[in-house]
Amino acid sequence: MWTGIPLFPEQASTFAREVDLLYLFLVGVSGFFTVAIFTLVFYFAVRYRRRHADEIPPAVAESATLEIAWSVIPLGITMVMFGWGAKLYFEMRKPPSEALQMWVVGKQWMWKIQHPEGKREINELHVPVGRPVRLQMISEDVIHSFYIPAFRIKQDVLPGRYSELWFEATRPGEYHLFCAEYCGTKHSGMIGKVVVMEAAAYEQWLMGTPTGETMEQAGERLFVQNNCNTCHHDRADARGPVLQGAFGKPVRLESGQTVVVDEAYVRESILNPAGKVVAGYRPVMPTYQGQISEEGVLQLLAYIRSLRERPQK
Ligand code: CUA
């Protein structure tokens with residue numbers, strides 16, 4: 001639709017068309033009123049100018065119809081903007097449950113990407129066409145922003161907190177990936193590409209170089225390496241809570257609060273274990289702050305998440 005108009009990048013995701021339409025609607029409404037207001041200002045300035053020094057203008061009666069019209073019409077227009085914007089916003093915030101999960105770690109000045117099968121990439125993201133993809137993202141240092149113009153998506157990538165993004169690519173091809181948050185000297189070089197492939201080609205690409213272990217297996221290896229399993233096991237003398245079946249469920253804390261065991265809570269518990277101790281346990285776990293990389297935490301998370309499917313013993 002926009003080929004030939006260099007102002008717009010290609011439309012290559014399921015969001016692209018609607019984002020553009022909403023944008024054009026906003027520009028159209030703003031443009032229309034800007035032109036209308038300026039035209040009227042000039043017209044009235046000339047039409048009702050003072051013609052002699054002692055001229056006194058006639059009194060003008062107010063018009064209820066006019067008052068109502070210029071209140072109700074703008075209200076209607078802004079509500080359309082609000083409703084349309086909110087609908088699109090919610091769509092863009094809610095990844096479908098069947099979305100392919102991938103992980104992004106931003107650092108000065110590169111994007112590190114991991115696939116569930118274990119494959120890793122730097123400054124490149126390979127995805128299959130026509131399948132929703134969900135990115136869980138975090139930064140190792142400062143704030144970055146993951147931006148794919150052709151997909152019309154952009155999301156800040158923060159240190160210390162996960163953010164999420166999803167899309168479904170509609171056309172095979174290569175697209176720009178930018179960092180859209182000024183993050184230091186080489187911010188402008190923090191660029192990469194997104195490669196959208198046909199399903200079969202994507203499978204082949206995944207198989208291309210054997211990766212050794214999946215995200216979950218890497219997480220399990222870390223779990224054993226860091227001796228997590230010496231306390232988090234299902235025998236009676238366990239010093240830490242059992243993790244089988246725990247993910248996604250609420251848990252009571254020593255403080256009396258209840259929290260849901262989600263990514264943020266598990267991450268916090270690895271880095272600051274004494275912060276929110278599960279009821280019935282003592283704050284004996286050492287911190288792993290600085291000992292496990294963000295990728296490592298993501299791998300551990302993938303493993304702990306996979307334990308959700310295993311029944312609690
Ligand atoms: Cu990272 Cu700008």
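Why does the second largest pocket lie between domain 1 (100-208) and domain 2 (215-306)? Both domains give residues to its lining, so the pocket sits between them. The domain bounds come from an automatic or database domain assignment.

Some ground rules. This is a predicted model, in which local features need pLDDT of at least 70 and side-chain atom pairs count only at pLDDT 80 or more, while totals for chains, interfaces and linings use all residues. Residues are numbered from 1 along each chain as its sequence is written, and side-chain values use heavy atoms, with hydrogens and water left out.

A volume is the space filled by probe spheres set on the points, with grid points joined across faces, edges and corners.

Staying with the second largest pocket, it holds about 280 Å³ of space. Its lining has 14 residues, and Q101, W103, P116, E216 and R305 are the closest to its centre. At least two lining residues come from each of β1 (100-107), α4 (215-225) and α6. Helix α6 gives the largest share, 3 residues. Helices and strands are DSSP runs numbered from the N terminus (H or I, at least four residues, for helices; E, at least two, for strands). By type, the lining splits into 5 nonpolar, 4 polar and 5 charged residues. Nonpolar means Ala, Val, Leu, Ile, Met, Phe, Trp, Tyr, Cys and Pro; charged means Asp, Glu, Lys and Arg; the others, Gly among them, are polar.

Next, the largest pocket. Its volume is about 770 Å³. There are 38 lining residues, with H232, G240, P241, L243 and M285 nearest the centre. The elements that supply two or more of the lining residues are β11 (250-252), α5 (263-271) and α6 (294-306). The largest share is 4 residues, from α5. This lining divides into 26 nonpolar, 8 polar and 4 charged residues.

How do α5 and α6 pack? Their angle is about 120 degrees, with the axes 10 Å apart. Axes are lines fitted to C-alpha atoms, for helices over the stretch in contact, and angles run from 0 to 180 degrees between N-to-C directions. The two helices are therefore oblique to each other; under 35 degrees counts as roughly parallel, over 145 as roughly antiparallel, 65 to 115 as roughly perpendicular, and the rest as oblique. Helices α1 (residues 16-47) and α2 (residues 64-93) pack at about 160 degrees, with axes 11 Å apart. That pair is therefore roughly antiparallel.

Last, the backbone. Q108 and W109 are joined by a cis peptide bond, with omega about 0 degrees. W109 is in the loop between β1 and β2 (110-114). N123, not a glycine, has a positive phi near 60 degrees, and lies in the loop between β3 (120-122) and β4 (124-128). R152, also not a glycine, has a positive phi of about 60 degrees; its place is the loop between β6 (144-148) and β7 (153-157).

Note on methods
1 Å grid on protein atoms, 1.4 Å probe; cavity = no way out; pocket = protein on both sides within 12 Å on 5 of 7 lines; lining within 4 Å.
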